Amino acid sequence: MSALLDLKAVSLTYPRQLTPALSDISLSLAPGEKLAIIGESGSGKSTLARAVANLLPRGTRTRGTISWPALDRPAKPGVDYGMVFQDPGSNLNPVLRIGEQIGEAAQHHLGLSRKEADALALDLLTKVQIPQPEAALRAYPHQFSGGQRQRIAIAAAISANPRLLIADEATSALDTLVQAEIVRLIQSLVKSENMALLFITHDIALAAQLADRIAVMHQGQLVEIAAAEDLLSAPASTYAQHLLDTYIDLADAPRISGGQP
Ligand SMILES: Nc1ncnc2c1ncn2[C@@H]1O[C@H](COP(=O)(O)OP(=O)(O)O)[C@@H](O)[C@H]1O
Ligand SMILES: [Mg+2]
């Protein structure tokens with residue numbers, strides 16, 4: 001089976017920068033595979049996502065290749081991959097009604113009529129569990145909570161049935177409870193829609209919960225990529241071990257302080 005996505009020795013330097021934001025990244029993603037990318041802030045996770053989604057600023061210098069072996073043509077945004085970002089605001093257009101923004105992508109990519117696009121938008125809003133989906137179609141983004149806006153953004157991202165969902169810190173701005181709900185939603189959609197997932201997070205526990213494999217980034221390099229359970233039980237790199245130790249310390253902290261006399 002050919003890989004869905006394949007990166008070979010990808011290095012990249014942003015315009016007017018001297019140090020590369022990505023150095024020599026090679027990895028591949030099988031159709032339907034769930035890969036998490038973890039690493040601290042500034043390690044290059046979003047840059048990797050933007051490189052895959054072809055969203056780099058003009059003038060970025062890139063080496064290496066990003067290809068889509070399972071496709072017989074260049075990847076198209078929306079159709080082959082959909083993206084959801086951290087900030088619920090940046091995912092949606094504030095002046096467009098929800099129905100239009102979800103329907104718009106599908107109209108554009110699948111050549112649906114307005115009526116068909118409306119029906120699809122309604123179906124998607126139901127799928128992402130927005131209450132009163134019919135009323136929601138005619139509402140604007142500000143009428144929804146942050147968590148609901150992320151649900152709507154996910155609906156828009158998957159409206160044209162992409163093979164890959166890229167979620168860049170898509171749950172990081174949400175409180176823990178809502179975060180858990182959105183993670184469950186992503187989990188169930190990836191399964192029901194048969195999508196691959198590139199889940200970018202600084203949260204190692206979320207990564208382990210969602211992903212088949214975890215890639216660890218540090219200063220623009222891929223320091224380790226392994227099956228989620230292997231990475232958690234026996235990380236090969238000292239950096240992944242360090243991330244894991246930090247995480248375990250944090251998870252333990254309340255109990256330790258609570259145990260003080
Ligand atoms: N548009 C840009 N121009 C120049 N440098 C950038 C730009 N975007 C990100 N960077 C730099 O690239 C590096 C990786 O950033 P990023 O991919 O956003 O990391 P992460 O998502 O892991 O926090 C950082 O040093 C960051 O400052
Ligand atoms: Mg980022």
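Modeller: Happy to! Searching the whole structure turns up one aromatic pair. The ring centres of tryptophan 68 and tyrosine 81 are 5.6 Å apart and the planes make an angle of 20°, so the pair is stacked. For pairing, rings of Phe, Tyr and Trp (its six-membered ring) need centres within 6.5 Å; planes under 30 degrees apart count as stacked, over 60 as edge-to-face and the rest as tilted. Tryptophan 68 sits in the loop between strand S4 (61–67) and strand S5 (81–84), while tyrosine 81 belongs to strand S5, so the pair ties together parts 13 residues apart in sequence. Helices (H or I, at least four residues) and strands (E, at least two) are DSSP runs, numbered from the N terminus. Both tryptophan 68 and tyrosine 81 are buried, where buried means under 20% relative accessible area, exposed over 50% and partly exposed in between (1.4 Å probe, protein chains only).

A word on the model itself: it is predicted, so local features need pLDDT of at least 70 and side-chain atom pairs count only at pLDDT 80 or more, while totals for chains, interfaces and linings use all residues. Residues are numbered from 1 along each chain as its sequence is written, chains are lettered from A and ligands numbered from 1 in the order written, and side-chain values use heavy atoms, leaving out hydrogens and water.

Burial also marks helix H1 (residues 45–52): six of its eight residues are buried, so H1 is largely enclosed by the rest of the structure. Those buried are Lys45, Thr47, Leu48, Ala49, Ala51 and Val52. After H1 comes asparagine 54, with a positive phi near 60°. Asparagine 54 lies in the loop between H1 and S4 and is exposed, at a relative accessible area of 66%. Most residues other than glycine have a negative phi. Arginine 16 also has a positive phi, near 65°; its place is the loop between strand S1 (5–13) and strand S2 (22–29), and arginine 16 is exposed, with a relative accessible area of 79%.

Finally, the helix packing. The axes of helix H3 (residues 98–110) and helix H4 (residues 114–127) come within 8 Å and cross at roughly 115°. Axes are lines fitted to C-alpha atoms, for helices over the stretch in contact, with angles from 0 to 180 degrees between N-to-C directions. Contact means heavy atoms within 4.5 Å; among the residues that meet are Ile98 and Ile102 in H3, and Leu120 and Leu124 in H4.
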